[in-house]
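I set out to record, entry by entry, what I looked up in this structure. The notes follow the order in which I consulted it.

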Amino acid sequence: MHTVDLIRKKRDGERLTAEEICWLVEGAARQSIPEEQLAAWLMAAWLRGLALEELEALTLAMRDSGVVLNHSALGRVTVDKHSTGGVGDKTSFLVAPIVAAAGLADAMISGRALGHTGGTLDKLESIPGYRTRLSPNEMHGVLARCGCSIVGQTEDLAPADRTLYALRDRTATVESPYLICASIMSKKLAAGLDALVLDVKTGSGAFLRDETQAAFLAALMVATGERAGTRTAAVLTDMSQPLGRFAGNWVEIWESVELLRGGRHAMSEDLREVSLVLAGWMLHLGGKTPSPEAGHALAGEKLEDGSAWRAFRDMVAAQGGDVKVLEEPEKFHRPAFRRTLRAARSGYLTAMDCTQAGWAVQRLGAGRERAGEPVEAHAGLEMHAKLGMRVEAGEPLCTLFAQEEARFEEPERLLAEAITIAEHAAKTPRLVKEIITDANKNKFLEFARER
C-alpha cells in the first residue's frame, strides 16, 4: 500500500477498507509513515468524516497496536466509566468503589489535568504515597484484592493513539468527533472491559458545549463500543457549573471521602446524583441489576452502608497511599493562603462560564497548561453557591486556595467575570440530559448528521 493513495482516497470522500486503516495505524505505532502524511490523512478524515465501519476499524487497530489487558481470571465482570472532562468532576472516586463493593471490577485508566479540566491522577497523587503507575500484573493484583484500581496509561497501551493525538494537537484536527471517539475508545477497549459507561459533558465547562454535538459524539462512542463487543451506554450530563462543592486536587478527594463515609452536603448533591446514575448504569450493564434504576438503588445502598468507602480505602492502601489522611481530610487541607470572593450585588445566580472557572482553578496552581508541568496538591476552589440560588451583596460566592499569594489576582478576575447575578431567577439546566444506548443511538446519529 501507499500512504498517498490512502490520503487521496479519504480526501475524495471514499471509504477505506479495514486493511487499509490497519496499515495506517501500524505505520503510526511503528513511526514508519512520515508525520506529514499521517497529518494529511487526519485532516482528510476531519473534513470528510468516517463511516461507522471505518471508525470501528480505526478504533480496533489503535486498540491492538499495543497490549490489550485481560481480566477474565478475576472471576468478576469488568466495567469502567469515562468522562469527557470538566471542572470539579470527581465521580471516578465514587463510582469505582461503589461497583467494586457490589461485586464488579473497575479497571480504570485515567489521565492528568490539561487546560481548564482537572486530572484524576493528579487528584489521587495528592494522597501521600499513592502510586498511579502500576504494571499490568500489579493492577491485576489490586483488582483481585479490592475490586477497583485507578492508574495511568502505560507506554505499551494503545501506542498508536499517542502518535496520532500529538499530530492532531498540532494540526487543528482535535475536534473531530470521529477522531475523539477512536482515541477514547481505543484506550478504554484496551483495558479489557466487559461494559463501559460514558459521562459526556455539555454546557459552558465542557469540551463540547453544544448539546447536539455532544450527543453525536456519545452516540458514536456507544456504536463503536457495541460493535467491538463491549456493552456501552452514554449519559449526557450538565457542566454549566463546577460539579459538587470543590474543584482542585486534594479538596476533591476530601469531598469524595465525605460522601463515601455517608456525609451529605447541599453543595455536593449534584455530584452524588451523577455518581449514582453512572454507577447504576455500570451495575446494570455489568449484570448486577435488571435495570439502571435498580442499579441506582443498589449504588445508593453501597454508598450508605460503608462498603464503597472500605473499597476505596483498600484501593488507596494497596496502591501505596497513606490512608490515615483520609480519616480527617479537612485537617490535611493545607493551603498557604485563602481568599474569599463575595457577591457584588444581591440577586440570583443565573449563569456561569464554567470554562473560565476551570481556568481560575488552573491559575491557582491546581492544573497545568502544558503536559509535564507540576501541580499544587492544595490549590483549588470551594463554591458556596449554585445556579438558581439567591445571594445577598457581600455574601461569599467562593473561597480560593493557593500556595502563593501572588496567584490570586487573575483567578479572582476570571471568577468575577464568569459569574452572573441577576434580579430574577432563571431556569437551571437539567443535571442529566439524555441517556444514549445501543437501542436509541441511531436517533442521535441521524439528527446530528442532518444538522
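**Entry 1**

I began with what covers the buried residues of α8, and found that the cover includes α2 (18-30), α3 (35-48), α4 (52-63) and α9 (177-190). I note at the outset that this is a predicted model.

I then listed the buried residues of α8 themselves: Pro159, Ala160, Asp161, Thr163, Leu164, Leu167 and Arg168. I recalled that an α-helix has 3.6 residues a turn, so residues three or four places apart point the same way.

I also checked the length of α8. The helix has 12 residues (159-170), which at 1.5 Å a residue should span 16 Å; I found its end C-alpha atoms 18 Å apart, which agrees. Just after α8, I noted that Ala172 takes a positive phi of about 60 degrees.

**Entry 2: The sheet**

I next traced an open sheet of six strands, whose order is β3-β2-β1-β4-β5-β13 and whose pairing is mixed. Its edge strands are β3 (148-152) and β13 (432-436), each of which pairs on one side only. From one strand to the next, I read an average twist of 20 degrees.

Within this sheet I looked up how β1 (residues 78-83) meets β4 (residues 195-202): the two strands pair in the parallel sense, over five bridges. Ser83 has Asp199 of β4 as its bridge partner.

**Entry 3: Helices lying across the strands**

Which strands does helix α7 lie across? I found that α7 (residues 136-146) lies across β2 (105-110) and β3, and that it runs at about 155 degrees to β3. Helix α9, already noted as part of the cover over α8, lies across β1, β2 and β4 and runs at about 155 degrees to β1.

**Entry 4: The nonpolar core**

I turned to the largest nonpolar core, which has 145 residues. The residues with the most contacts inside this core are Trp41, Leu58, Ile127, Phe312 and Leu326.

**Entry 5: Aromatic pairs**

I counted three aromatic pairs. In one of them, the ring centres of Tyr178 and Phe216 are 5.9 Å apart and the planes stand at 85 degrees, so I recorded the pair as edge-to-face. Tyr178 lies in helix α9 and Phe216 in helix α10 (residues 211-227), so the pair ties together parts that are 38 residues apart in sequence. Tyr178 is buried, with a relative accessible area of 13%, and Phe216 counts as buried at 10% relative accessibility.

Another pair joins Trp250 and Phe332: the ring centres are 4.7 Å apart and the planes at 75 degrees, so this pair is edge-to-face. It links distant parts of the chain, with Trp250 in helix α11 (residues 250-260) and Phe332 in helix α16 (residues 329-332), 82 residues apart. I found Trp250 buried at 0% relative accessibility and Phe332 buried with a relative accessible area of 10%.

**Entry 6: Arg272**

Is Arg272 buried or exposed? At 10% relative accessibility, I recorded Arg272 as buried, because the cut-off for buried is under 20%. Arg272 is placed in helix α12 (residues 269-285). With neighbours within four places in sequence set aside, I found Arg272 in contact with Leu259, Arg264, Leu303 and Glu304.

Note on methods
Residues numbered from 1 in each chain as written. Predicted model: local features only at pLDDT ≥ 70, side-chain atom pairs only at ≥ 80, totals over all residues. Heavy atoms only, no water. Helix = DSSP H or I, 4+ residues; strand = E, 2+ residues; numbered from the N terminus. Expected span 1.5 Å × (residues − 1). Buried < 20%, exposed > 50% of the residue type's maximum accessible area, 1.4 Å probe, protein only. Contact = heavy atoms within 4.5 Å. Core = buried A, V, L, I, M, F, W, Y, C linked by side-chain atoms within 4.5 Å. Pairing = 2+ DSSP bridges. Axes fitted to C-alpha atoms, helices over the stretch in contact; angles between N-to-C directions. Phe/Tyr/Trp six-rings, centres within 6.5 Å; stacked < 30°, edge-to-face > 60°.
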